[in-house]
Amino acid sequence: MRRLMITQWCHERIRQLMPAPRRCLDATAGTGRDTLFLCKLAGKDRDIIAMDIQEEALEQTGERLLKEGCREGVRLIHDGHEHMDKYAGPGTLDLVMFNLGYLPGGDHNKATKPETTCEALTKSLTLLREGGLLSVLIYSGGDSGFEEKDAVLAWAAGLESAKYLAISEAFCNKPNHPPMPLFVLKLENNDIPGRYL
């Protein structure tokens, strides 16, 4: 039986919930795996923004996209995700992705922080169109601690249920505090939250 990584699980969930996005934002580009996923999901008519606070991450992302022939239609932005509203307008995005924590293989001290992450999450909801999707992969324990996880889950719990559907998933039999996926759907005016359940 093949080993399924939690990032792959998130990608499958996104395919189910948002099968054909065009305008997407990767708020934590990292090594570019999520950006590449978004490129393939969005297709040739894509408009993708990939942000990271570390130049090293954007270099890795750019190299990955070039290698896969997916560099076209992607803007690489060297900035913190809390400034995402400088690069996209309200209601213009189909999908926003976050993969919290630190750059794989990088400096563990350069990790996402609760304050800027929650600010960015709030801005992402403004940038999403109605029917758009926010995906967040939350890491905790070890180097990451639990402060950011607690802050993000509290943020999600405070969302107005008539406007947003927030679902977190827990992996019950994985040791060492496995990552937790969180998905937030921005409901359309005529949506009934219960229809997704």
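Which residue forms a salt bridge with Asp85? Select Lys123: its closest N and O atoms to Asp85 are 3.3 Å apart. A salt bridge here is a side-chain nitrogen of Lys or Arg within 4 Å of a carboxyl oxygen of Asp or Glu. The pair links distant parts of the chain, with Lys123 in helix α4 (residues 114-127) and Asp85 in the loop between β3 and β4.

This is a predicted model, where local features need pLDDT of at least 70, side-chain atom pairs count only at pLDDT 80 or more, and totals for chains, interfaces and linings use all residues. Residues are numbered from 1 along each chain as its sequence is written, and side-chain values use heavy atoms, leaving out hydrogens and water.

Next, select helix α2, residues 33-42. Helices are DSSP runs (H or I, at least four residues), as are strands (E, at least two), numbered from the N terminus. In α2, 8 of 10 residues are buried. Buried means under 20% relative accessible area, exposed over 50%, and partly exposed in between (1.4 Å probe, protein chains only). Phe37 and Leu41 are among the buried ones. Their cover includes α1, β2 and α3.

Stay on α2 and pick Lys40. Lys40 is exposed, at 54%. Its side chain meets Glu68 in a salt bridge (3.7 Å, N to O). Lys40 lies in helix α2 and Glu68 in the loop between α3 and β3, so the pair ties together parts 28 residues apart in sequence.

Last stop: Glu169 and Arg13. Their side chains form a salt bridge (2.6 Å, N to O). Glu169 is buried at 16% relative accessibility, whereas Arg13 is partly exposed at 23%.

Technical notes
Contact means heavy atoms within 4.5 Å.
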